[in-house]
Amino acid sequence: MSVGMQTRSTSLYNQRQFLGGPSKVETNQMASISHLKKVQSIWCPVHTHIRTMKAVNTRMKKPMHIMRAKLMKLTEYEKPKDLRPMAETCTVFLRSLEAKIDNPTQTFYAKMCRRSLESSKLVAVFHNEGMDAEDTIRLRRRLMKHNMDVKIWGMQVVQEAIHETKFRHFEDILHRFNLYVISEEPAVLELLKVAKRSGRIHLLGGLVEDRFMSPKQMQEYSLSPSLEVARGQLAGILNSSLSRTHSLLQSNQQNLATNLEQLAKGKVNTDNKEETEV
C-alpha cells in the first residue's frame with residue numbers, strides 16, 4: 001500500500017513540474033498522502049502480531065522426514081560382533097591385567113624411597129588437604145629445625161617400595177594425596193605440634209622405632225617422657241630401694257649401739273651419785 005502511494009506521489013510531482021504549478025486537487029491529494037504517512041508511522045494495535053498458539057513445544061522434537069530417517073539408519077555405525085567364546089575373551093582380559101610394563105624410573109625412585117624409610121626411626125604418613133607450594137616450603141622449614149624432612153612420593157612408587165617389607169602396614173592408609181615426614185630421631189611431640197600449627201595436614205599413622213602406631217597411639221607416645229628422663233627415673237627408683245634396704249639392714253645395729261650408749265651413761269651417772277653421797 002505504501003509503494004502505491006509513493007508511485008502516485010511521484011507521478012503527481014512530475015505532472016506538477018510539467019504543467020508549471022499544482023492545482024487545488026493536487027494539493028489536497030498531497031496533503032492526504034502526507035497525513036497517511038504520519039498515521040502509518042504511529043503504532044497501531046490493529047497491525048500488531050498476536051500469537052495464537054497456547055505454548056511452544058520445546059521438549060518433543062519434530063519427527064524427521066521419512067527419507068532422512070531411512071538415510072540416517074543406513075549410515076549408522078554398527079560395532080562388529082566378537083565371534084570368540086566367552087572363556088577366551090576372559091583369559092585375554094586377565095592376561096592383559098597381569099602384564100606389567102617395567103618402568104626403570106619408577107624402580108629407581110622406589111629404591112630411593114625404601115632406603116630413606118629404612119634409615120629413619122620415625123616415619124609419619126599425613127593426608128595433604130590441598131597445600132600449595134608456599135605452605136609446603138613453610139612446613140619443611142619448621143620441620144628442619146627438629147631434624148625432620150618432608151617427602152612427597154607417588155602412590156605407585158610407595159607401593160613398590162613397601163612391598164614385602166616391614167612398612168607393608170602402610171598399604172591400608174595410602175592414597176593419592178599423601179605426605180611423608182621422616183626423621184632419624186623419634187621426636188613425635190615436635191612433629192604433632194608442627195602438624196597442629198599448619199592445620200592443612202592430618203595424621204593417618206606412622207612407624208616409630210620399628211613399631212606401627214595409629215594417630216591415637218602416637219599421641220599417647222608423645223605424652224610419655226623421653227628415654228633419658230625414663231632412665232633417670234629408673235635410676236632414682238633403684239637407688240631409693242637400695243638405700244631403703246641399706247637402712248633396714250643397719251637399723252638393728254644402730255638401735256643396739258644407741259641402747260648400749262644409754263646404759264653406759266646410766267651407769268656412769270649412778271657411780272657419780274654414789275661418790276658424792278660418800
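**Core**

I looked up the nonpolar cores first. The largest one has 21 residues, and those with the most contacts inside it are F126, L139, L143, V181 and L191. A nonpolar core here is a set of buried Ala, Val, Leu, Ile, Met, Phe, Trp, Tyr and Cys residues joined through side-chain atoms within 4.5 Å. Buried means under 20% relative accessible area, exposed over 50%, and partly exposed in between, with a 1.4 Å probe and protein chains only. The elements giving two or more residues to this core are β1, α6 (133–144), β2, β3, α8 (188–198) and β4 (201–208). The largest share, five residues, is from α8. I also noted a second, separate core of 17 residues, which includes L117, V123, V158 and Y180.

The model is predicted: local features need pLDDT of at least 70, side-chain atom pairs count only at pLDDT 80 or more, and totals for chains, interfaces and linings use all residues. Residues are numbered from 1 along each chain as its sequence is written, and side-chain values use heavy atoms, with hydrogens and water left out.

I then listed the contacts of F126, where contact means heavy atoms within 4.5 Å. Leaving aside neighbours within four places in sequence, F126 touches F177, N178, L179, V181, L191, A195, I201, H202, L203 and L204.

**Whole chain**

I counted 10 helices and five strands in the protein chain. Helices (H or I, at least four residues) and strands (E, at least two) are DSSP runs, numbered from the N terminus. Of the 278 residues, 20% are buried. The chain exposes about 23,300 Å², and carbon and sulfur atoms supply 58% of that. These areas come from the Shrake-Rupley method with a 1.4 Å probe; for residues, only the protein chains shown count as cover. Among contacts between residues at least 6 apart in sequence, 76% join residues at least 24 apart.

**Sheet**

Next I traced the strand order. It is an open sheet of five strands, β2-β3-β1-β4-β5, with antiparallel pairing. Two strands pair if DSSP finds at least two bridges between them. β2 and β5 (212–213) stand at the edges with a single partner strand each, so one side of each has no neighbour in the sheet.

I went through the pairings one by one. β1 (residues 122–128) and β3 are joined by six bridges and run antiparallel. There, A124 has V181 of β3 as its bridge partner. β2 (residues 148–151) and β3 are antiparallel too, with four bridges. K151 stands opposite Y180 in β3. β1 and β4 pair in the antiparallel sense over seven bridges. V125 stands opposite G205 in β4.

Which residues cover the two faces of β3? I found N178, Y180 and I182 on one side and L179, V181 and S183 on the other, all buried.

**T136**

I checked T136, which sits in helix α6. Is T136 buried or exposed? T136 has a relative accessible area of 10%, so T136 is buried. A polar atom of the T136 side chain lies 2.9 Å from the backbone oxygen of D132. Not counting residues up to four places away in sequence, T136 touches M131 and I152.

**Rings**

Last, I searched the whole structure for aromatic pairs and got four. Rings of Phe, Tyr and Trp (its six-membered ring) pair if their centres lie within 6.5 Å; planes under 30 degrees apart count as stacked, over 60 as edge-to-face and the rest as tilted. F108 and Y109 make an edge-to-face pair, at 5.8 Å centre to centre and 65 degrees between the planes. Y109 counts as partly exposed because its relative accessibility is 45%. F167 and F170 are stacked, at 6.2 Å centre to centre and 25 degrees between the planes. F167 and F170 are both buried. Ring pairs link F167, F170 and F212 into a cluster.

Conventions: Polar contact = N/O pair within 3.5 Å; in protein donor to acceptor, adjacent residues only side chain to side chain.
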